[in-house]
Amino acid sequence: MFWTIPTLMTWTRIVAIPLIVGVFYAPLDPAMRNLIATVMFVVFAATDWLDGYLARKLNQTSSFGAFLDPVADKFLVCASLLVLVHLQRADVFVALIIIGREIAISALREWMAQIGASKSVAVHMIGKVKTTVQMVAIPFLLYDARLFGVIDTGVWGTWLIWASAVLTVWSMVYYLQKALPEIRARVK
């Protein structure tokens, strides 16, 4: 299942990272760089939904795809956050919260899988909401201009990325609480 259509779409999210970063080094007008990076992020982020849909529709689900999909998402989000910090459009504290949570929860899930308790830290709605808010905040911050002459994406993106940081902490606490009984049982 390494070369299925859904898995190839997941790989495109990983390949997209240097392309999105590279846009900001291209000899283009800053507004054009912002627009290209935003469109690229939105298109590649949309493959997250599409590859899952196609995997189910084409009956091409696999454990490798289930592993690679969240890894690709985390790479895309973390790389974009680092670009935004570099461009001074996102606070480094927000990036540390989001990236730190991703590392911590990934390690927790790996450990819980090793002890046979992965169901206790399965994806929950709060994690999905957090991801959705991030996936709206990031393109707003990448665009960093008025959308349709009305919406100040920099302001909205800043509010949304901070909301995402709050949801990030909330979801981390949720997953840790779910794992706590297993952790206590293993620490004794």
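**Salt bridges and helices, step by step**

By the salt-bridge rule (a side-chain nitrogen of Lys or Arg within 4 Å of a carboxyl oxygen of Asp or Glu), the count here comes to eight salt bridges. Before we look at some of them, keep in mind that this is a predicted model, where local features need pLDDT of at least 70, side-chain atom pairs count only at pLDDT 80 or more, and totals for chains, interfaces and linings use all residues. Residues are numbered from 1 along each chain as its sequence is written, and side-chain values use heavy atoms, with hydrogens and water left out.

Let's start with R13. Side chains of opposite charge can pair when their charged atoms come close. D69 and R13 do this, with N and O at 2.5 Å. That pair links distant parts of the chain, since D69 sits in helix α3 and R13 in helix α1 (residues 5-23), 56 residues apart. (Helices are DSSP runs of H or I, at least four residues, numbered from the N terminus.) D73 also forms a salt bridge with R13, and here the closest N and O atoms are 2.9 Å apart. R13 has a relative accessible area of 0%, so it is buried; buried means under 20%, exposed over 50% and partly exposed in between, with a 1.4 Å probe and protein chains only. D73, at 13%, is buried too.

Now move along to helix α4 (residues 92-114). With 23 residues at 1.5 Å a residue, α4 should span 33 Å, and its end C-alpha atoms are 33 Å apart, which agrees; the expected span is 1.5 Å times one less than the number of residues. Just after the helix, G116 takes a positive phi of about 80°.

What does α4 pack against? Its buried residues pack against α3 (63-86), α5 (125-143) and α6 (153-187). One of those buried residues is R101, which counts as buried because its relative accessibility is 4%. E102 forms a salt bridge with R101, the closest N and O atoms being 3.2 Å apart. Leaving aside neighbours within four places in sequence, R101 is in contact (heavy atoms within 4.5 Å) with residues including K130, T168 and Y175.

Finally, look at V39 in helix α2 (residues 30-57). V39 counts as partly exposed because its relative accessibility is 45%.

Terms used
Helices (H or I, at least four residues) and strands (E, at least two) are DSSP runs, numbered from the N terminus.
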